[in-house]
Amino acid sequence: MIRVLDANTIDKIAAGEVIERPSSVVKELVENSIDSGATAITVEIKEGGISFIRITDNGIGIPKDEVPTAFLRHATSKLITAEDLLSISSLGFRGEALSSISAVSQVEMITKTPDSITGTHYQIHGGKEIENSQIGCPTGTTIIVRNLFYNTPARKKYMKSASTETSYIYDLVCKLSMSHTNISFKLIINATEKIFTSGNGKLKDIIYHIYGKDITNNLIELNIKNDYLNIHGFIAKPCISRGNRTFEDYFVNSRYIKSKIVTKAIEDAYRTFVMVHKFPFTVLNFDIKPELIDVNIHPSKMELKFVNEQEIYDFTYNSVREALLFKELIPCVSPQKSKAAANPIKRDIGKNPEPFETNRRNNQIVREESNYNIKNDEAIKPTINNTIASETKPDIQNKPDIQIKPDIQNKPDIQNKPDIHNSVITEKYIQESLFSDQFLSEKARIKHKLIGQLFDTYWLIEYEDKLFIMDQHAAHEKVKFEELMTNYKTKKPVSQYLMPPAVITLSAAEADYLKYNIDMFLDIGYEVEAFGDNEYKLNAVPANLFGIDGRDLFLDFIGELAGISQKTAIDVFISKLSTMACKAAIKGNTSISYEEADALLDSLMSLENPYTCPHGRPTIISMTKAEIEKKFKRIV
Ligand code: ADP
Ligand code: MG
């Protein structure tokens with residue numbers, strides 16, 4: 001039953017001007033369709049939605065006598081009192097959308113409930129009822145919104161080009177379909193079908209449909225529960241990371257929202273797996289008891305509050321981190337797209353090239369970044385120790401590239417009626433087992449065939465039906481970094497004595513730094529003692545520096561550390577360890593022996609996360625036999 005909320009309840013709802021642009025109309029209307037129990041929803045737009053939006057659903061419809069009420073301000077069937085807000089499970093509840101939309105456009109609604117024979121044909125232009133009549137129609141609701149902001153030219157001015165508005169809507173329907181996998185979504189843009197999901201409940205199918213094969217082949221599934229929270233969905237191997245947050249999606253109780261806590265937990269978990277300034281690909285659903293979140297947020301801000309933030313952080317961080325650690329993270333490279341790692345992944349959605357950016361597969365995004373920034377503020381205090389280099393922290397204030405495409409040429413209006421669709425899509429593709437035996441495991445190790453060195457930098461290893469390529473520098477850097485970290489943590493360093501000891505002269509700042517932080521140096525394997533004035537005697541350096549001069553390395557190391565504040569000393573010290581590891585590691589363009597390469601593989605195998613260097617670059621990549629055979633056209 002749709003009724004107007006009482007003044008008290010209205011006061012408690014974070015009020016918002018919900019309609020800013022065509023995509024906000026689509027969002028509100030599709031959310032209404034979802035709330036109505038629809039299993040199939042078609043969105044059709046023309047001219048970026050500015051001139052025409054049609055949403056059709058097969059939900060429960062609106063009873064005849066309630067249609068005019070639905071268009072009143074604060075009229076809703078989803079909430080009666082303010083207390084209901086605590087347990088709300090519908091997406092809408094403010095009762096503002098239909099009234100706001102109909103105030104600034106020309107709306108036509110056709111709706112029928114299952115138990116009535118005829119439906120209602122209702123038209124309302126600029127808030128004025130134009131028509132209210134009976135009509136024969138199927139159960140469900142169709143709403144057409146024409147000429148948005150026709151009566152408010154000032155707001156119309158804020159519209160972007162049709163292509164940009166189109167891309168916002170495309171993006172939105174992607175998110176809606178990923179967060180509601182049991183609903184079949186169809187998006188038609190200028191009479192061309194762009195998205196069509198089956199509603200079969202399989203998120204991976206939708207990811208494939210939207211992002212294509214490259215991403216789908218590199219997914220890791222997640223499904224972890226505790227008493228009040230279930231996180232399920234997919235994250236991608238670190239090789240899929242992007243230069244901005246476009247690919248970092250998550251949903252809380254099927255709402256697309258932003259949460260500093262969740263974003264931070266995800267990004268922290270990926271730290272050292274992805275390069276600096278890179279962001280992961282995720283599509284994660286958080287199912288949480290409604291009473292543990294506050295949905296009463298400003299509608300356009302999308303920022304959600306949790307009651308128990310620290311627990312959400314911990315659970316999210318641990319779930320993602322564990323998933324990353326336990327999966328084989330060697331990126332699958334496909335030889336056809338040798339630049340795949342550096343370039344945005346692009347696939348055509350439809351047959352016809354379209355003038356708008358299909359931004360989900362593209363690194364360049366057309367929409368503006370949603371207005372949230374994460375500062376390392378006091379409010380978010382992870383209990384998980386950040387043992388990780390602070391220089392590897394992604395710059396989370398990084399702004400995405402913004403690219404605006406020229407306006408699309410409007411195609412002539414085609415009045416094809418949308419059908420409620422029910423066909424089934426793509427089952428054809430997904431290999432079920434994306435991960436074979438771990439490449440770096442005892443079992444696999446004995447079967448490795450070390451072929452040789454390439455370009456004095458890479459090692460080729462054959463294993464089963466794959467060719468693995470190890471970057472000797474990245475691999476050794478990782479081993480070195482982990483060694484130094486282990487020394488540091490266990491305080492049982494492995495040192496190498498210098499014969500004779502090296503005498504070094506330090507600057508005042510360097511000497512000062514050493515004096516206050518001597519323990520940290522001892523912990524990683526240095527042995528150093530004062531030798532009068534600013535002279536020091538270096539007796540030992542960390543072991544296995546691969547021919548690097550231990551004295552020079554020490555001077556480099558302390559030179560970088562000197563002058564930093566004492567308070568952050570440990571953090572910076574650890575962050576500099578990765579620089580040190582980099583310097584201490586065998587370089588590319590260096591010939592090393594089979595035995596050394598073999599030993600390097602052994603050392604890698606002993607690490608928790610051997611597949612990325614401390615800066616997040618891969619240490620090993622792979623290519624399948626089938627891909628090589630394809631290149632030689634042995635198979636097609
Ligand atoms: P809210 O969604 O916050 O309740 P709206 O203004 O979006 O407010 O919608 C008002 C009411 O109209 C809803 O509460 C619902 O009862 C009804 N309604 C709107 N769209 C639909 C739809 N597609 N199918 C069934 N009922 C709908
Ligand atoms: Mg609504």
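Which polar side-chain atom lies 2.5 Å from an oxygen atom of ligand 1? In this predicted model, in which local features need pLDDT of at least 70, side-chain atom pairs count only at pLDDT 80 or more, and totals for chains, interfaces and linings use all residues, side-chain values use heavy atoms, with hydrogens and water left out. Residues are numbered from 1 along each chain as its sequence is written, while chains are lettered from A and ligands numbered from 1 in the order in which they are written.

The atom in question belongs to Thr76, whose side chain places a polar atom 2.5 Å from an oxygen atom of ligand 1, a polar contact being a pair of N or O atoms within 3.5 Å, where within protein one must be able to donate a hydrogen and the other to accept it, and residues adjacent in sequence count only if both atoms are side-chain atoms. Asn32 likewise brings a polar side-chain atom to 2.8 Å from an oxygen atom of the ligand, whereas Leu98 contributes a backbone N or O atom, which lies 2.9 Å from an oxygen atom of ligand 1. Taken alone, ligand 1 exposes 530 Å², and the protein buries 95% of that area, as computed by the Shrake-Rupley method with a 1.4 Å probe, where for residues only the protein chains shown count as cover. Two or more residues of the shell come from each of helix 2 (22-35), strand 4 (75-76) and helix 4 (97-103); helices (H or I, at least four residues) and strands (E, at least two) are DSSP runs, numbered from the N terminus.

In total, 20 residues surround ligand 1, the closest being Asn32, Thr76, Ser77, Lys78 and Gly95, where a residue is near a molecule or strand if one of its heavy atoms lies within 4 Å of it. By class, this shell comprises 7 nonpolar, 9 polar and 4 charged residues, with Ala, Val, Leu, Ile, Met, Phe, Trp, Tyr, Cys and Pro counted as nonpolar, Asp, Glu, Lys and Arg as charged, and the others, Gly among them, as polar.

As for the chain itself, 17 helices and 24 strands are present, and 55% of the 636 residues are buried (buried means under 20% relative accessible area, exposed over 50%, and partly exposed in between, with a 1.4 Å probe and protein chains only). The accessible surface of the chain comes to about 28,200 Å², of which carbon and sulfur atoms account for 52%. Of the contacts (heavy atoms within 4.5 Å) between residues at least 6 apart in sequence, 74% join residues at least 24 apart.

The structure also holds 20 salt bridges, each defined by a side-chain nitrogen of Lys or Arg within 4 Å of a carboxyl oxygen of Asp or Glu. In one of them, the closest N and O atoms of Glu267 and Arg245 are 2.7 Å apart; because Glu267 lies in helix 9 (residues 260-270) and Arg245 in the loop between strand 12 (229-236) and strand 13 (248-252), the pair ties together parts that are 22 residues apart in sequence. Glu267 is buried at 4% relative accessible area, and Arg245 is buried at 6%. Glu483 pairs with Lys480 at 2.8 Å between the closest N and O atoms, the two being 3 residues apart in helix 12 (residues 472-490) and thus separated by about one helical turn. Here Glu483 is partly exposed at 29% relative accessibility, whereas Lys480 is buried at 1%.
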